[in-house]
Amino acid sequence: MQYNGRTYTASYDQTIVFNAGVSTLLTIDMSKTAVTLSATVLPWEDGPEISMTASTVTITAEVGETDDFFKGKSIYLYYPANNPGANMPLTYTYDQTTGSYAWTGTPIYWDDIPNSALNITGVYSPVNSEPTLSGTTTFTWTISEEQNSAGAAYYDRDDLLMSNVQLTQPAPVNFVFQHVTSKAVIKLEPGEGFNGTSELVGAGIKLLDFDLTGVADISSASITSSSGPMNVTPKTETDGVQYSALVMPQNKAVGDTILSITLPGYPSTPFYGVLTEALTFEGGKQTVITVTLNKTQILISATLQDWEDGDEGQIEIK
């Protein structure tokens with residue numbers, strides 16, 4: 001049987017006998033094969049290690065995302081190679097249905113996919129708004145400079161996750177989402193001259209000259225830095241201890257000053273972090289910059305100066 005340019009093969013799970021003088025009625029139920037989907041999200045991966053003179057840069061892992069990451073949230077599905085000229089993307093929301101959560105949205109039928117091959121990309125952002133394509137497969141993504149405030153500029157809302165899946169036959173679409181931006185974590189440690197972490201509370205942290213705008217490509221599920229640089233105020237995780245920020249994937253060279261730190265007790269004396277090795281901020285990976293702050297000690301020495309001769313005078317007593 002053929003329908004809409006496709007050939008369908010009918011099968012039966014019992015023996016059929018065609019008797020002479022008897023008409024046999026074959027009732028064939030035809031149904032389209034729906035593409036079902038599931039989604040998971042990967043935690044930030046470890047990146048390369050690097051050290052600095054005044055402070056050190058190391059890499060640590062982050063606690064993985066929880067199982068209910070997508071509850072009540074949406075992802076946007078693009079498949080331009082299979083659906084030219086159609087309105088995209090499709091919106092799928094992870095809603096509670098009949099006591100459990102499931103993805104709901106407009107069905108994608110395998111029978112409607114040209115050439116029987118599906119190239120589909122899922123895009124997720126906590127801001128829960130549809131990215132606007134500026135080309136066939138790209139859109140612009142901008143991260144906020146201020147990442148330590150509530151509202152639209154809040155740090156978590158600038159995160160962007162993408163996943164690309166290619167299928168050549170009917171199968172569930174299992175999206176494994178990866179962070180495409182890069183994550184910088186700054187850890188402060190009291191060094192020489194500081195009495196514990198109390199003097200570090202209220203620190204003003206800035207990442208200096210980082211690219212914050214990029215072009216996301218749904219065909220490769222990746223993002224490339226396109227403009228910058230800007231100074232970033234990171235999110236305070238633990239005041240005086242740890243801060244974090246999202247930035248575009250980018251390279252930093254030897255000699256680059258990548259951060260400044262100002263303490264309440266020394267507002268006019270900022271500390272600066274200068275790279276002694278090249279550093280790459282990779283998409284999906286976090287770089288942890290551990291900064292040890294040392295006070296500059298004023299050295300005191302003393303010598304005794306001899307009495308010097310001054311002007312001479314005479315006193316006459318009569």
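1. Buried means under 20% relative accessible area, exposed means over 50%, and partly exposed lies in between, with a 1.4 Å probe and protein chains only. By that scale F271 is buried, with a relative accessible area of 17%, and F194 is likewise buried, at 10% relative accessibility.

2. On provenance, this is a predicted model, in which local features need pLDDT of at least 70 and side-chain atom pairs count only at pLDDT 80 or more, while totals for chains, interfaces and linings use all residues. Residues are numbered from 1 along each chain as its sequence is written, and side-chain values use heavy atoms, with hydrogens and water left out.

3. Nine aromatic pairs are found in a search of the whole structure, where rings of Phe, Tyr and Trp (its six-membered ring) pair if their centres lie within 6.5 Å, and where planes under 30 degrees apart count as stacked, over 60 as edge-to-face and the rest as tilted. The rings of F194 and F271 are tilted, because their planes stand at 50°, with the centres 6.3 Å apart. This pair links distant parts of the chain, 77 residues apart, since F194 lies in the loop between β14 (182-190) and β15 (204-210) and F271 lies in strand β23 (residues 266-274); strands here are DSSP runs (E, at least two residues), numbered from the N terminus.

4. Y94 and W103 also form a tilted pair, with ring centres 4.9 Å apart and planes at 45°, and W103 is buried at 15% relative accessible area. Both residues belong to one aromatic cluster, which consists of F70, Y94, Y101, W103, Y124, F175 and F177.

5. An open sheet is formed by three strands in the order β11-β16-β17, with antiparallel pairing, two strands being paired if DSSP finds at least two bridges between them. Its edge strands, β11 (138-142) and β17 (222-227), each pair on one side only. Strand β16 (residues 213-217) is joined to β17 by five bridges, and G214 has S225 as its bridge partner in β17.

6. Two backbone angles deserve a check, given that most residues other than glycine have a negative phi. D209, in strand β15, has a positive phi of about 60° although it is not a glycine, and this residue counts as partly exposed at 42% relative accessibility. A221, in the loop between β16 and β17, has a positive phi near 55°, and A221 counts as buried at 18% relative accessibility.

Conventions
Helices (H or I, at least four residues) and strands (E, at least two) are DSSP runs, numbered from the N terminus.
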